[in-house]
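Here is a friendly note to read beside the structure. Please keep the model open and find each residue as you go.

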Amino acid sequence: MSSGSRKRARDNTNIDEGVEIESVTSSFRQNFPKRSRVALAVENGGSVVSDDEDGEEDAQMGQGGHGTHGDDRSVLSFGHLEDDDDEDGPDDLIGTQIIEKQMREHRENIASDEGVIEEVFCRNFMCHTKLRIKLGPLINFIVRDNGSGKSAVLTALTVCLGESARKTNRGGNLKGMIKNGQESATLAVKIRNRGEGAYKPELFGTSITVERNFSRSGNNGYKLKNSQDKVVSTKRSDLDDLLDYFGLQIDNPINVLTQDLARQFLSGSSPSEKYKFFIRGTRLEDLDRDYNVMEENLDKIQAKLASRKDDIPELKLRYDEAAARKKKLEKAATIGRRLNDAKNQHAWAQVEEQEKLLEEFGEAVVTAEQSVREREEEAQTACGTFDGHDQAHETTVTLAESLREQLVPVEGQRAASREKFDAARAEVTSTVAAEREIREHMKSAKKRVADLERDATTERDRIANAEGAEHAQRLDRLAELRTAVEAARAEQKDHAEAFASLTRATDQAYEAYEAAKPAKDQQTEELRSAERTLSGTQRSQGKPYDGYRPFMEQLVRAIDNDTRWRMKPVGPMGKHVRLLKPEWSKLIEATFGQVLESFVVTNNEDFRMLKDLFKRNKCNPEPQIYIGNPDPLDTTGKTPDDAGLDTILSVLNIDNTLVRNTLIINQAIEQVVLIADRNAAERFMFYGPRPNNVKVALCKGHNPNNGQRLERSRFGQAKTSPVNGWPREARMQTDREQQIRHQRETVDHHNRILRVVEQQVNEKRDASTKAGQELKRWEREERNLKTAVQQAEDAVEEQTHDIEAHRPRDGRLQELEKQLKDSKDELESLGLSFQDAVVQKDKHSQVSADAKHRLDEHDQEYQAAKARLDQAEQKLARLKDDRGRALLAKNKALEDITQAKQNVAEMQVRRDEKKATVSDFETMASGISRRVPLAPGLTAQDRDDLIERLTRDMKNQEQAAGGSEEELATRWQKAKTDYDDAVTQLNTANARGRKLVQTLNYRRLRWKKFRKFIAYRARFTFKYLLSERNFRGHVDMNHDKKTLEIHIEPDMAAKLSRKDAKGREVKGREAQTLSGGEKSFSTICLLLSIWEAMGSPIRCLDEFDVFMDSVNRASSMSMMIQAARRSVGRQFILITPQSMNNVEMGDDVKVHKMSDPERGQGVLPFTQE
């Protein structure tokens, strides 16, 4: 048999052969999940657990480890020792020798590639803030003094792999295991996943990490991560599948002995408790419970089979009665044939009536088509009259448009001339200012010349009079000049304070001028756009689809040509909408958007056909399709209270009910009011309570083509959004002349606005120029003041020098004469510049005069062109009335054609519908019979009376038989089927029940053999392990009383005196008579013997040597290490508070020495050997 990593295989042909014992498990419980949950609760001494605890309590029982070493293990076989008549089983000596032979065989302890616990991680768990311990693949010892958190590692392992907190005996729930002062905890266990037995390696890779997070608030969840630390699953069921695959029996009390379980098993367990440990640890108890469930279900099946057997006679009786009734009705066959003939003639008589109606509809279609031809002739005459008036009107329109186009360049020339005139006038002003500035400089130069001449004279006098009364006068003059300097500086300071305001005013004027330019450009562009629209409207021939997308006309033609419609689609909707007030055209078109290009149908079949037609005609983008009801909507009580208000609905004339209903439902046109003035619209919408039955108000802006949308939110807040006018040609129908007049008014409006904007721009330009001139004037004055200060300072300096100079000094007079000569040269240069400025001023004045002359000429041209345009527009107005009357006559004729065609279409639809009705009647009649000749002279009523009489006779016959022929045949067939099925099902169920009973008995037999051979192996292994220390003893198991007792003789010498003085047999000592160390040693031997019969890949034992002395502990430790090495590929986790100094180690043994946790410690330090 294979290792514990594989499922048990049963061979029915080898029941009595030797049984190989590795592991015992069962998957039967998975077929009864509800019973398993209740049974677990009852066995644990409680009620049914909650959904949260169920995830922890109801762990799946493993099916053995998935090691790769199972093929190498030598398997203990006791088949040749079996003796069913021997109550004590095979001879102990032979069994012990077999065990000893197996134990002494050298087998290399190789680590498994899968199912090995590689690492345990804790955060905020029990006493650990953060702990990461990496386990070896074979034998692991975790050692240190009590309180260091050793047992917490084993608790973390079991809790992380799904065990409930209550079963660990370390806390009542998960919240109690969170470290004090922390709100949450995290546990993680890393499992090796390599080799051929790896679990879903393509999904998880070479390792699987199981992570469990829980908090004090009650959050609790699992994460299964792959080797790249990526979360693969968060389901508890996936964790259970993983544990079942690897056979990690975490809930097995023998497989994982916690501190309390180890203490109970090693020191205080009674024979019945030991037996429970044995039966649970080997999973025999799970199999027995599964077989009990099978037995209960078999009992239920047998009870149901007994009740089904009692139903067979009743079903047989029903079958016989149905057969008798069916036979009795065969006499009514003749009446049935006559009834069928009458029904056939009745069906084809209805077909004949419908065919006559179809002929009448065909004649009506021919008459309607003749009416269409007559209306077309009348329309042709009306169209000719209209074309004559329209041609004269169009000629006048073209003339007016030409005059208007001629007016545009004239007006542009006038504006350009005005701009040149303004520029020339500004140049004249600038030249005059420059002339004034040069004049001021000339005055200053003349003054300097006079001063120098005076100084030169003074110098000559000084030389003549070096000292005297004149010197005192000079000192007085110096004091006066210094006073003048202070006054000049004060005046300069006052003048400087005005610089900031002048600069700011200049910048603001320039910025205002620059900011006004875009408005002029924008208004100019809007004027050109309005003129282009007007020109396009005037040139347009009034084609009905000019405003629509290019494919629209072809699409409408395709819709008209298709005759499969149940009701022809209506659209585009704009064709059925006439605008009564063209001044709202742009805003209403923009509000509707693409809705005016949409279509309306009345049923889903037409919707699908129209959608397919869009694709065939390559409509991109596809128009929207609405499904509507042709019944008109009543808007009474849904319109604004003020009847004087215009709404979109009131300014539209909609000639189709479907279009009207669609716009009301989707656009709420009856509750969108139109108020031209924005202030009035805002007062209406936002001042006072919310207007009743008003959702939106549309008002016009400064540009008549654009506007604003005013509405209130659900909470009453005011909302305003701009509405840009529709940029393309109008799609709604309107009076073309009225539309042209409105567009012309729009052009005039833009002209007026442009003139106002141009005037504003010119004013701001003049203001900017004036501000610049003021700044220049300030700068000139600033320079003059600086000059005055400088001159005053120079005068003080000169007077000082004069005082000093009156003391005779050589060369003073010569210097003054040189400066006088330079000043005279400068004065002469300024005179020349002044003459140039005068010439430049005269030149700019002449340019300004010429610009003014051209401006006057262009203004006269503009007035003449405007007069010609006004004359043409008056003539156009006279022609409008004639054309309008002709248009009404033409439209009336065309509407008559449309109405006549609609009549033809309606008659064709009725004819086609009648044709379909005839086809349906023929189809239904053909389903009854082939066409039969009708008996002459019979009316429809005569045929109905005949059918009624025959039907009555047939019912009498059926009533006598208990039903119609079809009903009786159906009842007979059903009764026969029920009887045959019941007999077949009963026989099948009985055979299956017998097979299940045989299977259960066989499983019970195999279970007893499992238990017997596992007991054999445990008994022989226990005996052998005792002999390792020269102990003698044996295990007594009583399966009926469910007890397990061990008998020990510490000294092998007792074997020589097994009889007392009277010759009676002396049994070994009871376990209660042994010392503490001997008792613990013997119990360890029992535990190891049970472990040998288990298939789980992991063994965990906590504080197994706490009650041993040093001698027993050393022996037990050595024996456990040897047993672990003999369990090839199994992983052992052993916890002890004792040191490992006296224990022989090896490469397969790994010791983890932990330190006591300290307050505030983040990571728990430990050493590994």
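1. Glu211 and Lys225 form a salt bridge, with their closest N and O atoms 2.8 Å apart; the term stands for a side-chain nitrogen of Lys or Arg within 4 Å of a carboxyl oxygen of Asp or Glu. Glu211 belongs to strand β5 and Lys225 to strand β6, so the pair ties together parts 14 residues apart in sequence. Helices (H or I, at least four residues) and strands (E, at least two) are DSSP runs, numbered from the N terminus. Both Glu211 and Lys225 are buried (under 20% relative accessible area; exposed is over 50%, partly exposed in between, with a 1.4 Å probe and protein chains only).

2. A word on the source: this is a predicted model, where local features need pLDDT of at least 70 and side-chain atom pairs count only at pLDDT 80 or more, while totals for chains, interfaces and linings use all residues. Residues are numbered from 1 along each chain as its sequence is written, and side-chain values use heavy atoms, leaving out hydrogens and water.

3. Now look at the open sheet: its 6 strands run in the order β2-β1-β4-β5-β6-β7, with antiparallel pairing (two strands pair if DSSP finds at least two bridges between them). β2 (128-134) and β7 (231-233) stand at the edges with a single partner strand each, so one side of each has no neighbour in the sheet.

4. Which residue stands opposite Ala188 in β5? That is Glu211.

5. Arg132 and Glu119 also meet in a salt bridge (2.8 Å, N to O). Arg132 sits in strand β2 and Glu119 in strand β1, 13 residues apart.
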